[in-house]
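You asked for comments on the model before it goes further. My notes follow the structure below.

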Amino acid sequence: MGVINTGVKVLDDRLLRVNLSLSQELLYTSDVTRLLVLLEETSMTSESVTRLTMAFREHGLVLELKSWEELADYYHQVVGLFDGVFDFITVIVLVIIALSISNTMLMSVMERTRELGTIRAMGGTPTQVVGLILLESMFLGVIGGLLGLLGGILMARGVNFGEWMMPRPPGSTEDYPIRILIAPDILLKTFVLGVLTAFFSCVYPAVKASRIAVVDALRFA
């Protein structure tokens, strides 16, 4: 017999760990109503459910099997809430980035008006001017995305290495360390999203540059 420290005060005040025979004696029963299987990795859930289901069928056991995903309604609600919040923040950040890149490229086009006019005077078509600026935006997006990923990974490893502790949340009895997980699929998604944002943000500056009259561009001071 013993108490358990789960980190949640509500459970710690009421939870008691005992062996099976003592619990059956306290409850005046010889039955077992529920078994809990703990896994080393969450990714093993589906495989474990499949194997247990097959084992129950082979031995003719009529038992109800539920995974933690089916029982964790509150968890899924919290995850859905945070997904919505992070999606909203992502949209805001993307809008800010797009406006910043577009403004920067517009300034670059204004500074290179005579250069673009010279390209047009030498036989360059508006389509080629648009392609030139969009190609530059792609290079900027790729370089910026790679530098951003590298900086993010280094910062995440630095935070994990520092083992900074967060104050205990309401209802908890223990502090917990900050852990930033590095997920390759999220890194790839972030990189592609950054490159596409840089590309589409430069469409308007590129089109505007292609429409500048050659004579006015050459006389631009």
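**Notes on the predicted model**

1. In helix α7, the buried residues are V129, I133, L134, S137, G141, G145, L149, A156 and V159. This is a predicted model, and the points that follow should be read with that in mind.

2. The length of α7 can be checked against its residue count. With 37 residues at 1.5 Å a residue, α7 should span 54 Å, and its end C-alpha atoms lie 53 Å apart, so the two values agree. After α7 comes E163, which has a positive phi near 55°.

3. E163 deserves a separate look. Most residues other than glycine have a negative phi. E163 is a residue other than glycine, yet its phi is positive, near 55°. E163 sits in the loop between α7 and β3 (165–166). Is E163 buried or exposed? E163 counts as exposed because its relative accessibility is 52% and the cut-off is over 50%.

4. Y28 is another case of this kind: Y28 is not a glycine, but has a positive phi of about 55°. Y28 lies in the loop between α2 (20–26) and α3. With a relative accessible area of 79%, Y28 is exposed.

5. Helix α3 (residues 45–58) has 14 residues, and the distance from its first C-alpha to its last is 20 Å, close to the 20 Å expected at 1.5 Å a residue. Which residues of α3 are buried? They are T45, S48 and F56. Seen down the axis of α3, these buried residues fall within an arc of 70°, so they line one face of the helix. An α-helix has 3.6 residues a turn, so residues three or four places apart point the same way. On the other side of α3, the exposed residues are S46, R51, R57 and E58. The cover over the buried residues of α3 includes α4 (68–71). G60 follows α3 and has a positive phi, near 65°.

6. The largest pocket holds about 1,300 Å³ of space. Its lining is made up of 36 residues, and those closest to the centre of the pocket are T90, I186, K189, T190 and L193. The elements that give two or more residues to this lining are α5, α7 (126–162) and α8 (184–201). By class, the lining of the largest pocket has 23 nonpolar, ten polar and three charged residues.

7. The second largest pocket has a volume of about 1,000 Å³. It is lined by 24 residues, and L35, L36, V37, K66 and L71 lie nearest its centre. Both α3 and α4 supply at least two residues of this lining. Which element gives the most to the lining of the second largest pocket? That is α3, with five residues. The lining of the second largest pocket divides into 14 nonpolar, five polar and five charged residues.

8. How many cavities of 30 Å³ or more are there? The count comes to one. About 30 Å³ of space lies in the largest cavity. Its lining consists of T113, L116, G117, R120, A209, I212, A213 and A217. Helix α6 (residues 113–121) provides the largest share of that lining, four residues. By class, the lining of the largest cavity has five nonpolar residues, two polar and one charged.

9. S102 is in helix α5 and is buried, with a relative accessible area of 15%. Leaving aside neighbours within four places in sequence, S102 is in contact with S201 and P205. I89 is also found in helix α5 (residues 73–111), but I89 is partly exposed, with a relative accessible area of 41%. The C-alpha atoms of I89 and L65 are separated by 38 Å, the two residues being 24 apart along the chain.

Terms used: Residues numbered from 1 in each chain as written. Predicted model: local features only at pLDDT ≥ 70, side-chain atom pairs only at ≥ 80, totals over all residues. Heavy atoms only, no water. 1 Å grid on protein atoms, 1.4 Å probe; cavity = no way out; pocket = protein on both sides within 12 Å on 5 of 7 lines; lining within 4 Å. Points joined across faces, edges and corners; volume = space filled by probe spheres on them. Nonpolar A, V, L, I, M, F, W, Y, C, P; charged D, E, K, R; others polar. Buried < 20%, exposed > 50% of the residue type's maximum accessible area, 1.4 Å probe, protein only. Contact = heavy atoms within 4.5 Å. Expected span 1.5 Å × (residues − 1). Arc of directions from axis to C-beta.
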